[in-house]
Amino acid sequence: MKYKILVVEDDCLLAEGLCQELHDRFSCVCERALTLESAKEFFRQEKTCDLLVLDRLLPDGDGLELFAELKHGYSTLRTLVISRLGTSTAREFGLKQGANDYLPKPFTKGEFFERVRNLLTMVPIVESPHFALGEGFIFKPDQRRLFYDDCEVKLTRADAQLLEYFFQHCNFLVTKEEIERCLWKSNRLIINTSAISAQIYRLRKKMGRFGEKLQTLYDFGYQLNIVNRPMKMTRITCGNVPQNGLLVET
């Protein structure tokens with residue numbers, strides 16, 4: 001396997017030396033970026049790499065700012081920060097921002113390459129399950145986080161629980177009774193419609209322009225449409241019909 005490594009370092013001699021050594025030791029493809037903006041551009045062009053070696057004190061900002069650029073779709077990327085900012089507080093901050101390892105400058109070649117070797121041979125990271133809704137919309141239920149249009153929205157427990165339920169039943173009617181059971185584990189005969197309406201309203205607001213995909217089917221419930229042609233289905237749950245309901249296209 002041929003690894004690809006990006007070295008983000010404004011010291012041209014150091015960057016060139018590291019790239020040459022990495023190529024010789026790991027037979028990898030190594031690319032360089034001298035500024036924060038050029039590193040961002042590398043990833044904007046949909047390029048990927050197996051390891052990011054990242055300096056912090058770059059001419060146009062702190063290298064850790066790159067993590068904000070990589071919050072979508074790069075959760076498996078391994079990162080080694082190298083920096084003259086080597087205090088325990090600086091190292092702790094870098095790790096909290098998302099770095100896998102943090103190596104203060106100056107460092108020996110031996111230590112650097114052992115850190116690189118450890119990161120390249122890590123067990124592959126498996127991304128958390130997520131749901132997608134249209135271009136750039138990603139919902140990670142286990143983290144209660146929603147990403148769309150370069151925005152990140154933190155969700156409450158109820159928000160995440162309800163949105164996950166809608167995704168699990170997308171393109172189908174979700175009745176108010178089901179929402180009641182989903183949020184409050186309740187089987188009451190009288191449904192708290194006001195509380196449900198308020199919760200749906202808040203969820204739509206947090207979904208931004210994608211909120212319009214969460215449609216209201218008056219007197220029945222709600223439906224999350226993720227297809228171009230709405231497929232409105234009604235669950236009939238009365239009489240002798242099984243509890244799972246009969247699906248009838250309308």
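Two strands pair here if DSSP finds at least two bridges between them. Helices (H or I, at least four residues) and strands (E, at least two) are DSSP runs, numbered from the N terminus.

The model on your screen is predicted: local features need pLDDT of at least 70, side-chain atom pairs count only at pLDDT 80 or more, and totals for chains, interfaces and linings use all residues. Residues are numbered from 1 along each chain as its sequence is written, and side-chain values use heavy atoms, with hydrogens and water left out.

**The whole chain**

Start with a cartoon view, where you will find 8 helices and 16 strands. Of the 250 residues in the chain, 40% are buried (buried means under 20% relative accessible area, exposed over 50%, partly exposed in between, with a 1.4 Å probe and protein chains only). Contact means heavy atoms within 4.5 Å. Among the chain's contacts with a separation of 6 or more, 55% involve residues 24 or more positions apart.

**Stop 1**

Select the open sheet of 5 strands, whose order is 2-1-3-6-7 with parallel pairing. At its edges are strand 2 (29-33) and strand 7 (101-104), each pairing on one side only. Neighbouring strands in this sheet are turned by 15 degrees against each other on average, direction ignored. (Axes are lines fitted to C-alpha atoms, for helices over the stretch in contact, and angles run from 0 to 180 degrees between N-to-C directions.)

Now show helix 1 (residues 12-26), which packs on the sheet and touches strand 1 (4-8), strand 2 and strand 6. The direction of helix 1 makes about 170 degrees with that of strand 2. Next, pick out strand 6 (residues 78-83), which runs parallel to strand 7 and is joined to it by 4 bridges. Val81 stands opposite Tyr102 in strand 7.

**Stop 2**

Move on to an open sheet of 4 strands, with the order 8-9-10-11 and antiparallel pairing. Strand 8 (131-132) and strand 11 (151-154) stand at the edges with a single partner strand each, so one side of each is left without a neighbour in the sheet. Strand 10 (residues 145-148) and strand 11 run antiparallel and are joined by 4 bridges. For a pair to zoom in on, Leu146 stands opposite Val153 in strand 11.

In the loop between strand 10 and strand 11, click on Asp149. Asp149 counts as partly exposed because its relative accessibility is 35%. Leaving aside residues up to four places away in sequence, Asp149 touches Gly136, Arg209 and Phe210.

**Stop 1**

Show side chains for Arg157, Ala158, Gln161, Leu162, Tyr165 and Phe166 of helix 6, and for Glu178, Ile179, Cys182 and Leu183 of helix 7, which make the contact.

**Last stop: Thr175**

Finish in strand 12 (residues 173-175), where Thr175 is found. Thr175 counts as buried because its relative accessibility is 11%. Its contacts, not counting residues up to four places away in sequence, are Phe220 and Gly221.
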